[in-house]
Amino acid sequence: EFRAAAAQRFPQARWWRTPAPDPPAGPATQLTAGTEHESLSTNAPDWQRVFVRVDHRRDAGSLYAALSRDQRFGFSDVSLGGGADWRLSARWSAGVDVGWAPDADFMPRIAVNGRALHPLAHGWETEFRLGHRDYRDARVATAGVGFGRYFGDFRAAYRVDLTELDGAASSAAQSVTLNYYRSPRTRFNFSVVAGQEADAVGPDTVLRTDVRGFTAGGRHTVGEHLGLTWWLGSERQGDFYRRDYVGVSVIAGL
């Protein structure tokens, strides 16, 4: 029952106390289509991304498949992706994401990420992550741990991620996120990140660089079968460039 689950997860929130019809039981399928535009501080061409994604949810978990096309540095990469989330027990849930771009110039040719989430007492939860990205001439391994807490209509979280580029010494990046659940139909988020990450800074060029950035966004449900998400932000990639980005996607229930 929706309100009972919301009361357990958001014990101090107010929005779930208003009587509302329970969501329909059984599987739910959604189609998401979106785009993102990124402007660089140098004279390099702007980056562009378009994507579509299909999510299918059941009581025991969810599945998704995605297709994206990214344009950077005068090149264009097409990637396929998929993943799943499932409940292992009353206290543990897990998920996995897989990406594949066999002819990529700057995207990872294979990317695998796994995660496990464990709720704790008094609104706390912890999350563990492992990942691997295989580029044409480089391999990147990541491991992360995070802690979050729900209070009132908010959730605050902190995470640290360790990155290892081709067996070199690990580097760390930290991020802080704040989510505001204004109602069951509207939520906002804001996050900041600082540290070192390994990413493609050019075609066939994967380097570890200092990063500083922020992202703000929101999700809004319109009616029963339509939603909108948006995001914007800025990130400095070492001394190479600063990226200013904005994106939007439309979610349709099927």
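These legends walk you through several close-up views of one predicted protein model.

Residues are numbered from 1 along each chain as its sequence is written. Because the model is predicted, local features need pLDDT of at least 70 and side-chain atom pairs count only at pLDDT 80 or more, while totals for chains, interfaces and linings use all residues, and side-chain values use heavy atoms, with hydrogens and water left out.

**View 1. The whole chain, to get your bearings.** The protein chain has 1 helix and 14 strands; helices (H or I, at least four residues) and strands (E, at least two) are DSSP runs, numbered from the N terminus. Of its 254 residues, 34% are buried, where buried means under 20% relative accessible area, exposed over 50%, and partly exposed in between (1.4 Å probe, protein chains only). Among contacts (heavy atoms within 4.5 Å) with a separation of 6 or more, 40% join residues 24 or more positions apart.

View 2. Strands β2 (47-58), β4 (75-87), β5 (93-100) and β6 (110-119) each supply at least two of the patch residues. L67 belongs to strand β3 (residues 61-72), and counts as partly exposed because its relative accessibility is 39%.

View 3. T32 is part of strand β1 (residues 28-40) and counts as buried because its relative accessibility is 11%. Leaving aside residues up to four places away in sequence, T32 touches F51, V52, R53, S249, V250 and I251. W231 sits in strand β13 (residues 226-237) and is buried, with a relative accessible area of 17%. The C-alpha atoms of W231 and E36 are 8.8 Å apart, although 195 residues separate the two along the chain.

View 4. The structure holds 9 aromatic pairs; rings of Phe, Tyr and Trp (its six-membered ring) pair if their centres lie within 6.5 Å, with planes under 30 degrees apart counted as stacked, over 60 as edge-to-face and the rest as tilted. One aromatic cluster is formed by W47, F73, F106 and Y241. R53 lies over the face of Y64, at 3.8 Å from the ring centre, and the charged end of R155 sits over the ring of Y150, 5.6 Å from its centre. A charge sits over a ring if NZ of Lys or CZ of Arg is within 6 Å of the ring centre and within 35 degrees of the ring normal.

**View 5. Two loop residues with positive phi.** F73 lies in the loop between β3 and β4, has phi near 55° and is buried, with a relative accessible area of 18%. D204 is in the loop between β11 (186-202) and β12 (205-222). Phi of D204 is near 55°, a positive value in a residue other than glycine, and D204 is partly exposed at 38%.
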